[in-house]
Amino acid sequence: MNLPEMSRRRVLAGLGTVPLAAAAGFPDLDRAPSARPVEAPGRSRTTLLRGADLVLTMDPKLGTGPLGRLDNDVDLLLRDGVIAAVGQRLDAPDGARVLDARGRIVLPGFVDLHNHLWQSSIRGGCSNEDLYGWMSDCNRTVLPKIDPQDMYRFVHLAALDALQAGVTTVVDWVHPIPYDTSGRYIRALDDAGLRFVYASTQRAADARLIPRIKKDFLDRLPLASVQVAAHAGMSQLTDLRTLHELARELGVMLNSHVLENRDDRGDDPIRALREIGAFGPDLLMNHAIHLTDAEIALTGEHDVRVAHCPLSNMRLASGICPLPALHAHRVRAGLGHDGGTNDTSDMFNVMKAAVGLQRARHEDAGIHPTIPAVLRMATLGGAECIGMADRVGSLTPGKRADVVVLDPGTLNFAPRYDWTSQIVLNGQPPNVSEVFVDGHLRKHRGELVHVDTERVVHEAELAASRLRTT
């Protein structure tokens, strides 16, 4: 969700972080007590996943069909943070950790194209409101009250929730917040261990904060990158132009909410984006529900990317994205949670809704997205939308080792019939047994590694209590 009046490739660098949490008195989760062994910082441990029953590589060259399917006794080797090999009977290097993946499903980590993680602070809020009512009564009233310390707590909670559900890359659209709060926000993302894109917006007068935030907080983090976020509309054309010019100066994408609600049509966002020269492959449009047929064709012609957020759109009575028409025009699209109004960090639920909405609307079980198509949208399709397909989104050797292992031997998933379909139709976050980000094991045997979950929840509850009393 965007606040209309609050409107503003790659950044990979060396290791290291600024100790913001300790300086601010935050819980330092990197040193929290844990019963589980902790991987040392720096190079990730070599890991061999042994004997998976099903691997969906998302690379047709590595397996059968569009999802690159490999069946029966498949190994996956992760070394130095990358996918080193996929195949059968791979040798385990000396000192490698070998994890038994028999009976399991392995696939790339999910890419969440659109989120507002701070909105964990208002989960369930304004549940009877549409987009504008929710923004007015929940979003705008709460954000100014959150201080830097509590911002850390809300973002950390939501980032860990996404991670435990199998999201390994998140694009976080961050509303205008002060410089110090931005530092705490970024520290929370980095502490969670996600790969993340910090899509920062500011009012035009404060636009130079974005490169400062990038330089001071993001450039040093190996899993971080940046986008410039903006609100698109003719009423804010000057601000939009300023932010687009800044995005070009930084060599990053522009990220904008576009036609989420039918009433957004009055501000003519597509015209505004075209007028400033932003309508192209360096533009990510969130929602894009109320596009005309001509605008859909233009979106495909100019290779503009789209983030589809079906659960949020349903919650806010916003409408249904014209995904089949976008697909017919070869528009690259992925899936997003969209913060507080998604109500859950469950990509399985998002995939199921994306399929179900179109089937119900068109009364056609074969309409796009099909089950394979929506799995691709949640992984490689999302990576393509943000220019990261050369690094993540598939289990292609040489790409970064962002990997999810699913346990189908559960009451909600078993018995086996068609596992590919069951991932979308039956899968739930508890089925995520292991998560690797850049080769680092972040979730193991169904539990986040080296995270005191009770403490994280307790800190967020205290922060929420302070919000309710201010």
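1. Start at Ser394. Its side chain makes a polar contact of 2.8 Å with the side chain of Lys399. A second polar contact, of 2.7 Å, joins the side chains of Ser394 and Thr396. A polar contact here is a pair of N or O atoms within 3.5 Å; within protein, one must be able to donate a hydrogen and the other to accept it, and residues adjacent in sequence count only if both atoms are side-chain atoms.

2. A word on the basis. This is a predicted model, in which local features need pLDDT of at least 70 and side-chain atom pairs count only at pLDDT 80 or more, while totals for chains, interfaces and linings use all residues. Residues are numbered from 1 along each chain as its sequence is written, and side-chain values use heavy atoms, with hydrogens and water left out.

3. Where does Ser394 sit? It lies in the loop between helix H12 (371-385) and strand E14 (403-406). Helices (H or I, at least four residues) and strands (E, at least two) are DSSP runs, numbered from the N terminus. Ser394 has a relative accessible area of 2%, so it is buried. Buried means under 20% relative accessible area, exposed over 50%, and partly exposed in between (1.4 Å probe, protein chains only). Not counting residues up to four places away in sequence, Ser394 touches Thr57, Met58, Asp59, Pro108, Leu380 and Lys399. Contact means heavy atoms within 4.5 Å.

4. How many disulfides does the structure hold? One. Cys126 and Cys138 form a disulfide, with their sulfur atoms 2.2 Å apart. The pair links distant parts of the chain, 12 residues apart: Cys126 is in the loop between strand E6 (110-115) and helix H2 (131-142), and Cys138 is in helix H2. The cut-off for a disulfide is a pair of cysteine sulfur atoms within 2.5 Å. The link of Cys126 and Cys138 is right-handed, with 100° about the S-S bond. Cys126 and Cys138 are both buried.

5. Cys309 is in no disulfide; the nearest cysteine sulfur, that of Cys321, is 9.0 Å away. Cys309 is buried, at a relative accessible area of 0%.

6. Now a helix pair. Helix H5 (residues 209-218) and helix H6 (residues 237-250) pack at an angle of about 30°, with their axes 10 Å apart. H5 and H6 are therefore roughly parallel to each other. The contact is made by Ile210, Pro211 and Lys214 of H5 and by Leu243, Leu246 and Leu250 of H6. By class, that contact of H5 with H6 has five nonpolar residues, no polar ones and one charged. Axes are lines fitted to C-alpha atoms, for helices over the stretch in contact, and angles run from 0 to 180 degrees between N-to-C directions. Angles under 35 degrees count as roughly parallel, over 145 as roughly antiparallel, 65 to 115 as roughly perpendicular and the rest as oblique. Ala, Val, Leu, Ile, Met, Phe, Trp, Tyr, Cys and Pro count as nonpolar, Asp, Glu, Lys and Arg as charged, and the others, Gly among them, as polar.

7. Which residues of helix H8 (residues 293-301) are buried? They are Glu295, Ile296, Leu298, Thr299 and Gly300. Their cover includes helix H7 (269-275), strand E11 (283-287), strand E12 (305-308) and helix H10 (323-328).

8. Next, backbone exceptions. Most residues other than glycine have a negative phi, and most peptide bonds are trans. Asp303, in the loop between H8 and E12, has a positive phi of about 60° although it is not a glycine. At 22% relative accessibility, Asp303 counts as partly exposed. Arg445 is not a glycine either, and has a positive phi of about 55°. Its place is the loop between strand E16 (440-444) and strand E17 (447-448). Arg445 is exposed, at 70% relative accessibility.

9. Two cis peptide bonds deserve a look. One runs from His368 to Pro369, with omega near 5°. Pro369 is in the loop between helix H11 (347-362) and H12. Another runs from Ala414 to Pro415, with omega near 0°. Pro415 is in the loop between E14 and helix H13 (419-425).
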